[in-house]
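Dear colleague,

I am passing a structure on to you, together with some notes on what was found in it. Please look through the sequence and the model before you read on.

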Amino acid sequence: MPRVLLTRRIPSSVISLLHPDAHVDLYEGGGAIPRDELKRRLADKDALICVLTDRIDGDVLDAAPALKIVANIAVGYDNVDVPAARARGVAVTNTPDVLTEAVAEFTWALILGIVRRVAEGDRLIRADGWKGWALDFMLGAELRGKQLGIIGPGRIGRAVAARAPAFGMSTVFATRDKGLDRLLVTSDVVSIHVPLAPETRHLIDRRALARMKRSAFLVNTARGPIVDEEALAWALGERLIAGAALDVFNREPDVPSALREFENVLLTPHLGSATRETRTAMAELAVRNVLAVLRGDEPLTPVRA
Ligand code: GLV
């Protein structure tokens, strides 16, 4: 019977889809599986179901001679060395589509949260700092009539854009190499929706931040390293932008203290796809990819990098 390693707990209803076709080895250690443990457990496995905190590189793949598939429970797959997997005949799959709407909704939660100072107000009340209503108290920015700049016109970027008319915003799109400068110069909210790749690492650097309007907000729900965090802290310190909302960070779960110090930075712990419905759908898609490959069929959502 084929053997499947699961590096994290997923809903039991989803695990049960693997029975009776496969034997499941579930890592129950809590948190990320240590690398040695991952390699040891992979030695006799045919399939791996992993998450974005697991770095799957050539070294790990070499510890898994019988492996046929790496099913990543995430749409992003920068944690997997796809060429190394291909070279070893191992399929790689991700979980596109099922999380698009959840991430788009969360992106709007961040946009509204930062422009209307939601978390800042919450902090103020909890610190007993609220002295009462005033006409000019804690004013935010209005979205109506403003421009949303979306870097990355993929599935998630388009789903975010689809919600913009409800707030009276116009939208412009850019890719990393087309239209980015113009987007940065003209947008009131800049939202990042590109995958992390060597070409997008630190795409938002000092130069990019300096191009943004002083009244503009930066939102990142994609991957932390797309934004140079040091450059962002500099831009915030110099008041080159109005604020930032970040769901992802360079070295999660570390969040630089330089960013925590700003009231005009909204910080969330990588929650973009974190709804019960979506996380279940992501796990189920990963399992269905594994079942397809173990049956000898094509995977449903292969990564073709
Ligand atoms: C989450 O970050 C994902 O890529 O699905």
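**Around helix H10**

The cover over the buried residues of H10 includes H9, strand E9 (217–220), E10, H11 and strand E11 (265–267). Helices (H or I, at least four residues) and strands (E, at least two) are DSSP runs numbered from the N terminus, and what covers a residue is in contact with it, that is, with heavy atoms within 4.5 Å. This is a predicted model, in which local features need pLDDT of at least 70 and side-chain atom pairs count only at pLDDT 80 or more, while totals for chains, interfaces and linings use all residues. Residues are numbered from 1 along each chain as its sequence is written, and side-chain values use heavy atoms, with hydrogens and water left out.

The buried residues of H10 are Glu229, Ala231, Leu232, Ala233, Ala235 and Leu236, where buried means under 20% relative accessible area, exposed over 50% and partly exposed in between (1.4 Å probe, protein chains only). Arg239 is exposed, with a relative accessible area of 64%.

**Other backbone features**

Most residues other than glycine have a negative phi, and most peptide bonds are trans. His202 also has a positive phi, near 55 degrees, and is found in the loop between strand E8 (189–192) and helix H9 (206–211); His202 is partly exposed, at a relative accessible area of 33%. The peptide bond from His19 to Pro20 is cis, with omega near 5 degrees, and Pro20 sits in the loop between helix H1 (12–15) and strand E2 (23–26). The bond from Glu252 to Pro253 is cis too, with omega near 5 degrees, and Pro253 belongs to the loop between strand E10 (243–246) and helix H11 (257–260).

**Helices H5 and H7**

The axes of helix H5 (residues 100–115) and helix H7 (residues 155–162), which are lines fitted to C-alpha atoms over the stretch in contact, with angles from 0 to 180 degrees between N-to-C directions, come within 8 Å and cross at roughly 50 degrees. Thr100, Glu101, Val103, Ala104, Thr107 and Trp108 in H5 meet Arg155, Ile156, Ala159 and Val160 in H7.
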